[in-house]
Amino acid sequence: MEQPTRIDVRLANEAWESVMSAHAALMHTFAAEHMWSEISMREYDVLYTLSKRGEPMRMCDVQGGVLLSQPALSRMVERLAVRGLIAREPDPQDGRAVLLSLTPEGERLQQQVGRAHAKSVARQLGSALTAPELNDLRRLAGKLVTGDAAA
C-alpha cells in the first residue's frame with residue numbers, strides 16, 4: 001500500500017503567501033486602471049458572473065462566483081438593479097427565489113469593461129510570464145480549484 005506523501009507545511013504556506021501576494025499586487029494594479037469609472041471591480045465581478053452563465057441565475061449561484069457575503073451581494077444586486085444593469089424575476093421553480101440576469105445595458109457595460117480588463121490582464125501577466133508559464137499557471141490554479149492531483 002502506498003504511503004501518503006508528507007506535506008511540507010512551510011513550503012505549502014510559502015506557496016500560499018506567494019499566491020496571495022501576487023493576487024494583492026495584481027488587484028492593486030487593476031484597481032488603478034481607467035476602466036472602473038462607470039462600475040466598481042466588485043460590481044463588474046457580479047456582471048461577469050452573470051455573463052458567463054448566459055442565462056438567469058439564482059442569487060446563491062451568483063454568490064458562488066464572487067467574493068461577497070450574501071448580505072453584501074444582496075445590497076449590490078439591489079444597486080445594480082436600480083441602475084438598470086440587472087433584471088430580477090421570480091423563479092418559476094421556487095416562488096421564494098429570484099432569478100438574476102443582465103439587462104441589455106448591463107451586458108453592454110460588462111462587455112465594454114471586460115474588453116479593457118482583459119487587455120490589462122494580458123498586459124500584466126504577459127509581461128511577467130511566458131506562454132508556457134501561463135499554461136502552467138492555469139493548470140496549477142485549476143488543480144487548486146478542483147483538488148484534482150492528477151490534473
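Which strands does helix α4 (residues 70-82) lie across, and at about what angle to β2 does the helix run? The legends below take this up in turn.

View 1. Helix α4 lies across β2 and β3 and runs at about 115 degrees to β2. α2 lies across β1, β2 and β3, at about 95 degrees to β3. Axes are lines fitted to C-alpha atoms, for helices over the stretch in contact (heavy atoms within 4.5 Å), and angles run from 0 to 180 degrees between N-to-C directions. Helices (H or I, at least four residues) and strands (E, at least two) are DSSP runs, numbered from the N terminus.

**View 2. The open sheet of 3 strands.** The order is β1-β3-β2, with antiparallel pairing (at least two DSSP bridges between two strands). β1 (57-58) and β2 (86-91) stand at the edges with a single partner strand each, so one side of each lacks a neighbour in the sheet. β1 is joined to β3 (residues 94-102) by 2 bridges; R58 has L99 of β3 as its bridge partner.

**View 3. Lining of the largest pocket.** Of 36 lining residues, V19, H23, L26, M27 and A141 are the closest to the pocket centre. α6 (131-146) gives the most to this lining, with 9 residues. α1 (9-31), α2 (41-53) and α5 (104-128) each supply at least two.

**Notes.** Residues are numbered from 1 along each chain as its sequence is written. In this predicted model, local features need pLDDT of at least 70 and side-chain atom pairs count only at pLDDT 80 or more, while totals for chains, interfaces and linings use all residues, and side-chain values use heavy atoms, without hydrogens and water. A pocket is an open set of points on a 1 Å grid over the protein atoms alone where a 1.4 Å probe fits, with protein on both sides within 12 Å along at least five of seven lines; lining residues have an atom within 4 Å of a point.
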